[in-house]
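Please look over the sequence and the structure shown here before reading the report.

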Amino acid sequence: MPEGTLCNKKPIETAEGITTLLADKSGAKYYEEMKHLDIDSDLLWKTIQNTVKSRMKTWLEICAHCGMCADSCFLYQVNGRIPEQVPAYKIQSTLGEIIKKKGKVSNKFMRDTMEVAWAQCTCCNRCGTYCPHGIDTGIMFGYLRGLLHQQGFVPWELKIGAGMHRVYHAQMDVTDEDFVDTFEWMVEEYEEDYPGVKVEVDKDDADIMYTVNAREVKHYPEDLAEAAILFHIAGENWTVPSKGWEQTSLAMFAGDWAACKIQVESVYEAMDRLKPKRMVGTECGHAHRATVVEGPYWAGRPDGKPPVESIHYVEWLAEALREGKLKIDPSKRIKEPVTLQDSCNYIRNHGMKNATREIMSHIVEPGYFIEMAPNKEHNYCCGGGGGFNGIGLFRSQRNQALITKRDQILATGAKLVIAPCHNCWDAIRDLEEEYEIGIKWSFLKPLVLKMLDIPEHLLPKDEDE
Amino acid sequence: MYEILTGPVFYLALGVCIIGMIVRFVLYFKGLSWQLDRVAYKAYPGAGFKGAVRSIYKWLIPYGTYGWRTQPVMAFAFFGFHIGAVFIPLCLIAHNVFLAEKLGFSLFTISTSVADLITWIAVFCLLFLTLRRLVLPEVRILTDRKDWGVLLISLAPFITGLLARYQVGDYTLMLNLHILSGEIVLFAIPFTKLSHVFLFFASRAQLGMDFGIKRGGLKGTKMAW
């Protein structure tokens, strides 16, 4: 059977398509159909010829097979150090083989490759920084995912996720109306506690255009309110767009490059329309990577930058604390052992290690912040990056992958883990659920909100006065 | 035989090596694509250059990177071999006498005792790397016939050179074998993994530009290699 009804080479373009695929519980039929999916070898080989150029060709050719990448990979470390988990082996036995065979590979090979691409690499790019030749296997796995997606070999959840971006311009079925309504409603809930707090939608020429993760709208609406309150207290002139508010991209995890472009362009259109001075994104790693780091290239921008300066939430927060827009009440600082999760997507891959540490210096009582080892750009993936968290088929592999972070956290002795990244936050929540090590985990917004020294005029007036 | 090896074959080998690598070097950089690689090389030449230089320089220093420091024994073997592989062919007195005669110029030279020392270190390190390839499962799984070929080609000039140096066996034969094995290396450089002799700099420069431009460099963060 060439193309299945659920598992095929066509991306999902309609809401009905999403509903149909979602109705196939855990993708049972989808994965069954995948076993019979044909490979379009000509298309695969043509794509490779057009896209594997200098950089990747050289990477694959000059790899000295020295194995120095092995220890850099947390998945190698945590899976019994089996040689099949060595990054160089993982990419050469998959992408390398496809190229060697000029695209003429079997269905079984492609299904095995799918497992390697999504369950044996989180595209954290750590190995790239440990290779003497500068071979970044994570980048090659990102590329390989694109080839697999083209051929229909993509995990069920990510096919749905990429479809969501095509249909809703969001990673979930959250419409623009849902977004605006939820944001306004959540902010209203806090009007009494924070008089004057409001969210202005589609305001032109604001200083900040704020973008979010659709999960916040659907599952964690408190996060939206917290963002609004913090902007309000900081006295920021900010807005949210009614369209183009979603910063994330499951399409990036899926390797659906066309959907990546559609998604990121929706955000850039909002920038062009509202002309804010800056965009600030929420506490999410891959969202930042997708919209700020990789997005400009998907959208064909030769300067490699979004239309307006775009920063991560931690950069905004560090700046607000530095400039005194937000003041921390020293008596409310964190006074228990606390550690910090460095998100691969904006620490290793966008150089923000100092911003998060600057924040820690404001919100943690001196002596209580304990660094993980290793940390900063050398930190390990949370264990759930690159879409790993969301793939049911690979849940047991993902749970195994969490052990690295668990042990890193245990070694710090910290009872609280600050994770300013949705993916890391989820992974750390799951590792607590799975391994019960007795920790708490948090984004920055709720923590900072609780320890603010709020100016008198922003506090609610006492009715007796 | 000696005349042929040190005459036409020598010039041919050197020519193939140099022209081959110039071609590959040029093709490498011409083939970089800002859209495929997702790095805006041309938009930020300054940041790219700085990132590239840093990325090369850090990795050339023994124990200069996290990568080298996390694997100290491997790093020792690596540098032990590569120091010999670079300085012996280029700086040995005998080689420079030969160069001056053939090409009319010579490079700086190292004393015989230093040369002996770094040659022996190189040989032992290469043998250690060979052993490592045989023993460590994470290296063995990657190893293919080409790797053994490259190892053999790289080891041969050292062994034949030492045999000639200590005049073990027939000196003329050893010398001819030594010259031949050196020329095989030159011929092999552009066409095998030995291309890393030059492409190491290209590949490292590329990742350096990536970090220097896209992954934090423009934010003023230097990658701690």
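The model is a predicted one.

**A pair of helices**

Two packed helices are described by the angle between their axes and the distance between the axes. In chain A, helix α16 spans residues 313-322 and helix α18 spans residues 353-363; their axes come within 8 Å and cross at roughly 45°. The crossing of α16(A) past α18(A) is left-handed. On the side of α16(A), the contact is formed by Val314(A), Glu315(A), Leu317(A), Ala318(A), Leu321(A) and Arg322(A). On the side of α18(A), Ala355(A), Thr356(A), Glu358(A), Ile359(A) and His362(A) take part. Sorted by class, this contact of α16(A) with α18(A) has 6 nonpolar, 2 polar and 3 charged residues.

**The nonpolar core**

In soluble globular proteins, nonpolar side chains tend to be buried together. Here the largest nonpolar core has 215 residues, and those touching the most other members are Phe183(A), Tyr210(A), Trp316(A), Leu326(A) and Ile363(A). Which residues does Ile363(A) touch, not counting those up to four places away in sequence? They are Ile328(A), Arg333(A), Ile334(A), Ile418(A), Leu444(A), Val448(A) and Met451(A).

**A buried loop residue**

Glu246(A) sits in the loop between β2 (238-239) and α13 (250-254) of chain A. Is Glu246(A) buried or exposed? Its relative accessible area is 0%, and buried means under 20%, so Glu246(A) is buried. Apart from neighbours within four places in sequence, the contacts of Glu246(A) include His165(A), His169(A), Gln171(A), Asn213(A) and Gln263(A). The C-alpha atom of Glu246(A) is separated by 26 Å from that of Leu393(A), and the two residues are 147 residues apart along the chain.

**Backbone details**

Most residues other than glycine have a negative phi, and most peptide bonds are trans.

| Residue | Phi |
|---|---|
| His65(A) | about 55° |
| Glu436(A) | near 45° |

His65(A) lies in the loop between α4 (54-62) and α5 (74-78) of chain A, and is buried, with a relative accessible area of 3%. Glu436(A) belongs to the loop between α20 (422-435) and β7 (440-442) of chain A; its relative accessibility is 63%, so Glu436(A) counts as exposed.

The peptide bond joining Ala373(A) and Pro374(A) is cis, with omega about -5°. Pro374(A) is in the loop between α18 and α19 (395-412) of chain A.

Technical notes. Residues are numbered from 1 along each chain as its sequence is written. Chains are lettered from A and ligands numbered from 1 in the order in which they are written. This is a predicted model: local features need pLDDT of at least 70, side-chain atom pairs count only at pLDDT 80 or more; totals for chains, interfaces and linings use all residues. Side-chain values use heavy atoms; hydrogens and water are left out. Axes are lines fitted to C-alpha atoms, for helices over the stretch in contact, and angles run from 0 to 180 degrees between N-to-C directions. Helices (H or I, at least four residues) and strands (E, at least two) are DSSP runs, numbered from the N terminus. A crossing is left-handed if the near helix is turned anticlockwise from the far one by less than a right angle, and right-handed if clockwise. Contact means heavy atoms within 4.5 Å. Ala, Val, Leu, Ile, Met, Phe, Trp, Tyr, Cys and Pro count as nonpolar, Asp, Glu, Lys and Arg as charged, and the others, Gly among them, as polar. A nonpolar core is a set of buried Ala, Val, Leu, Ile, Met, Phe, Trp, Tyr and Cys residues joined through side-chain atoms within 4.5 Å. Buried means under 20% relative accessible area, exposed over 50%, partly exposed in between (1.4 Å probe, protein chains only).
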